[in-house]
Amino acid sequence: MRIVMGAQNCGFGPVAELAAVSRLLAGHERVFVGDGVAASFARADPDAFDDIRPVSGTVDALVESSDHVVSAMDAGLALRAVVARRPVVMVDSLFGFWQLGRPLARIRDLCESLPRSGFTAADAHLRQLSSHERVVAAHLLATDSVIQNFPGIGARLAEFAALGSGPAMHLTGAIIDHTGLPGASGAAPPEYDLLVNVGGFRNFLLDFESNNDYLLLLGRRLEDLPCDWPRFRRVLVCGGPFAGRRERTVSYAGRETTYRCLPQRELLRQVAHTPAYLMAPGLTALHEALALDRLPLALHEQHYAHVFTVRRLDGTLFGRTANRFSDIVPYDDVPEEDFAGTAALVRIAGRIRTDEDLYAAFRRSFNERVEQYLSLTSARRRHGVRELRDVLGGEPVASVVARIFAQ
């Protein structure tokens, strides 16, 4: 069976989930199609796919020649599959996050009247929908939807069920590469004292060279780190912004900070074995840490989905200890909307970076969170992992994927 696969081009989360599903389908021909940060991840983890193709000039022919399509929140690829009359599986870790400006029934009606003559006509038919609504429309058009569990998700599942006919909905636990998780550490000491994982970073607004105030602020904070935390003699900072020519090692007073973009399974090895772990509060990275019995400390929010995630997990130890920009600057001007909310976070990061008083407050708050995190006993950390597993758990994704592709 040939399976064409693609992921939403927003950070590493969607493509990491896609890779996890792909590895469960190793007996089939798996063709990844994509560009940007998602393609960068796929190229760094080539064992997850049998072929990697760019979107331009190939996607329609690939979809038409496929037996099945798997889309990790990539609404465009799902729509192409529907037009080509191929079965399509939507994989989604943010199912309850997508914001709707119109009733779900109205989106359903648009989907039911969708022209199937070609992608251009179908795309134009859905043009009135926002980017979030288009992801929800892709679910309505899909053959199957694989939904990662998260607090509050039941309300949206109930809305879908109330519509009557629709995709087969499969609620699952962590959509991660379980087969790639490393084993317990041996006698060898860890390579680093601190791991900082910023994820893929790029999305619809954020980039490495523009709208990058978050990265510049984090860079300034990491320059100060040896002075504030001399115990961190070896620091590894990982993520999409540090690939290729951006990879480097900086030495200061006998301490080293290395900036790299690691292949996923190598990153998981570092997560398992590095004593202290700070990460951007993305759900995929969080699930990976939990699977390795690690409780991470959340970095400040890069985009609005991170705000949503931390708020929904506020009742957990992870949520209560998380770094938040709202500790420094009130969120009065952060709209409850993805693009505008993310743009506001960019402005906040820029203000903190360039205002010495705000930066001093940011530095103090950051240090307080790190100190609180490091003071947690092993028992408290285990409790933090257990409570998140209770909140986020569900049917193993391997069972769900096996059931779908056995049909």
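Guide: Start with pairing: two strands pair if DSSP finds at least two bridges between them. Helices (H or I, at least four residues) and strands (E, at least two) are DSSP runs, numbered from the N terminus. This is a predicted model, where local features need pLDDT of at least 70, side-chain atom pairs count only at pLDDT 80 or more, and totals for chains, interfaces and linings use all residues. Residues are numbered from 1 along each chain as its sequence is written, and side-chain values use heavy atoms, with hydrogens and water left out.

Visitor: Which residue in β2 stands opposite Met5?

Guide: Strands of a sheet pair through backbone hydrogen bonds, either parallel or antiparallel. Here, Met5 faces Phe32 of β2. Strands β1 (residues 2-7) and β2 (residues 29-33) are parallel, joined over four bridges.

Visitor: In what order do the seven strands form the open sheet?

Guide: The order is β3-β2-β1-β4-β5-β6-β7, with parallel pairing. β3 (51-53) and β7 (168-172) each have a single partner strand, so one side of each lacks a neighbour in the sheet. From one strand to the next, the twist averages 20°.

Visitor: Which strands does helix α1 touch?

Guide: Contact means heavy atoms within 4.5 Å. Helix α1 (residues 13-23) packs on the sheet and touches β1, β2, β4 (68-72) and β5 (88-92). Axes are lines fitted to C-alpha atoms, for helices over the stretch in contact; angles run from 0 to 180 degrees between N-to-C directions. The direction of α1 makes about 160° with that of β1.

Visitor: How many disulfides are there?

Guide: A disulfide is a covalent bond between the sulfur atoms of two cysteines. The cut-off is a pair of cysteine sulfur atoms within 2.5 Å. The count here is zero. The sulfur of Cys261 lies 7.6 Å from the closest cysteine sulfur, in Cys238, too far for a bond.
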